[in-house]
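Look at the strand order and the ligand surroundings first.

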Amino acid sequence: MAANKNFKILVTVTGLPVDRLREFGTVVQWNELGNPTSQELLELVKDCDALFCHGSNKIDKELLDAAPKLKVIGTYSVGYNHIDLEECKKRGLKIGYTPGETTEVAAEFGVGLLLATARRIPEANEASKDPVNVRFHGYLMSGKQIMDTTIGFFGLGAIGSSMLEKLAPFRPARFIYHNRSRKENCLAEYVSFDELVKESDFLIVTAALTPETTGKFDKDVFAKMKKGAIFVNISRGPLVKTEDIYDALKSGHLEAAGLDVTDPEPLPKGHPLLALKNCIVTPHIASATYRARNRMNDLTIANIINGLTGKPMLAPLLE
Ligand code: DGY
């Protein structure tokens, strides 16, 4: 059957090869570095049938009202907290996403970020640029060892569980977790949120952003954490109160943090958190490998094409 060539499809992600979509109509691809502003997005989406978006694009009532022809959304992400699902449901929209493609790669990154934070790798790299900074002394660039420590997970879904498996060979004394549901046959022990916070030497956040988890890590929680603990967030920035983690790091109560996600994201230039030596900030790149990004792209394109042509999506979130 000949493909309908009349659809208009907006792709908000720069740099991805999306030629397959052109077989189905006109593709408008955002070509600037950085994200379109909400205003630009409203303008771009208004006569589109399909939207290829990502986690930084807010898909809310205002945007949906501005796009009366919109039938299909393919988000280039496994997370969907940027999409108002209720509003989409009311309008009968189909939504596809990219579960599975990011699990392993995000877990690999989480381990890397934890090691880089614990062993001060970016700081050591920076210091090595001038031999004066790295004159040897007994504790030069010393950090925290994983062996014999307690590693805690806030949220233990697919990414957290994969990270746990990858960290097991480092031989921590104990894994603990706090999650919405308890896991069967799990290497980690379920504990209350309070225990998790008080007992973890490394606290890793891999929980989804929900109304319950928003702002969960605030000054009271950081104060309860062990002095010298390390905090890693590869979930979503708004789980953590930015000023409060800044204070906990600045005072030295927390030894260090590795944050792949922040609130706001990205942090504005010159933000105080970026000046802290004991904080590694990366720009939400846990799933950024060529392999994962290509697979996410292929899946998003297939979801959109199937959605537009009345076939079941490969990875539906709403159908
Ligand atoms: C995801 O896939 O949700 C990642 O966080 C990238 O947005």
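A residue counts as near a molecule if its C-beta atom, placed from the backbone, lies within 6 Å of it. On that basis, the residues around the ligand are Gly55, Ser77, Val78, Gly79, Thr102 and Ser287. The model is predicted.

**Ligand shell**
- The shell has one nonpolar residue and five polar residues.
- No charged residue belongs to the shell.

**Annotated region**
- An unreviewed UniProt entry lists residues 20-314 as "domain: D-isomer specific 2-hydroxyacid dehydrogenase catalytic".
- Over residues 20-314, the chain is 34% helix and 16% strand.
- The end C-alpha atoms of that stretch are 16 Å apart.

**Six-stranded sheet**
- Six strands form an open sheet with mixed pairing, in the order β2-β1-β3-β4-β5-β13.
- β2 (25-29) and β13 (316-318) stand at the edges with a single partner strand each, so one side of each has no neighbour in the sheet.
- Neighbouring strands of this sheet are turned by 20 degrees against each other on average, direction ignored.
- Strand β1 (residues 7-11) runs parallel to β3, and three bridges join them.
- β3 also pairs with strand β4 (residues 72-75), in the parallel sense, over four bridges.
- Phe52 of β3 is the bridge partner of Val11, and the bridge partner of Phe52 in β4 is Gly74.
- Strand β5 (residues 94-96) pairs with β13 in the antiparallel sense over two bridges. Gly96 stands opposite Pro316 there.

**Side chains of β3**
- In a regular strand, side chains alternate between the two faces of the sheet.
- In strand β3 (residues 50-53), Ala50 and Phe52 point one way, while Leu51 and Cys53 point the other way.
- All four of these residues are buried.

**Seven-stranded sheet**
- Seven strands form an open sheet with parallel pairing, in the order β8-β7-β6-β9-β10-β11-β12.
- β8 (189-190) and β12 (279-281) stand at the edges; each has a single partner strand, so one side of each is left without a neighbour in the sheet.
- Strand β10 (residues 229-233) and strand β11 (residues 254-259) run parallel, joined by five bridges.
- Val232 stands opposite Gly258 in β11.

**Helices across the sheets**
- Helix α12 (residues 290-308) lies across β1, β3, β4 and β5. Helix α12 runs at about 170 degrees to β4.
- Helix α10 (residues 242-250) lies across β10, β11 and β12. Helix α10 runs at about 140 degrees to β11.

Note on methods:
Residues numbered from 1 in each chain as written. Predicted model: local features only at pLDDT ≥ 70, side-chain atom pairs only at ≥ 80, totals over all residues. Nonpolar A, V, L, I, M, F, W, Y, C, P; charged D, E, K, R; others polar. UniProt positions renumbered as here; feature names shortened; annotations may be inferred. Pairing = 2+ DSSP bridges. Contact = placed C-beta atoms within 7 Å. Axes fitted to C-alpha atoms, helices over the stretch in contact; angles between N-to-C directions. Buried ≥ 20, exposed ≤ 12 C-beta atoms within 10 Å, placed from the backbone.
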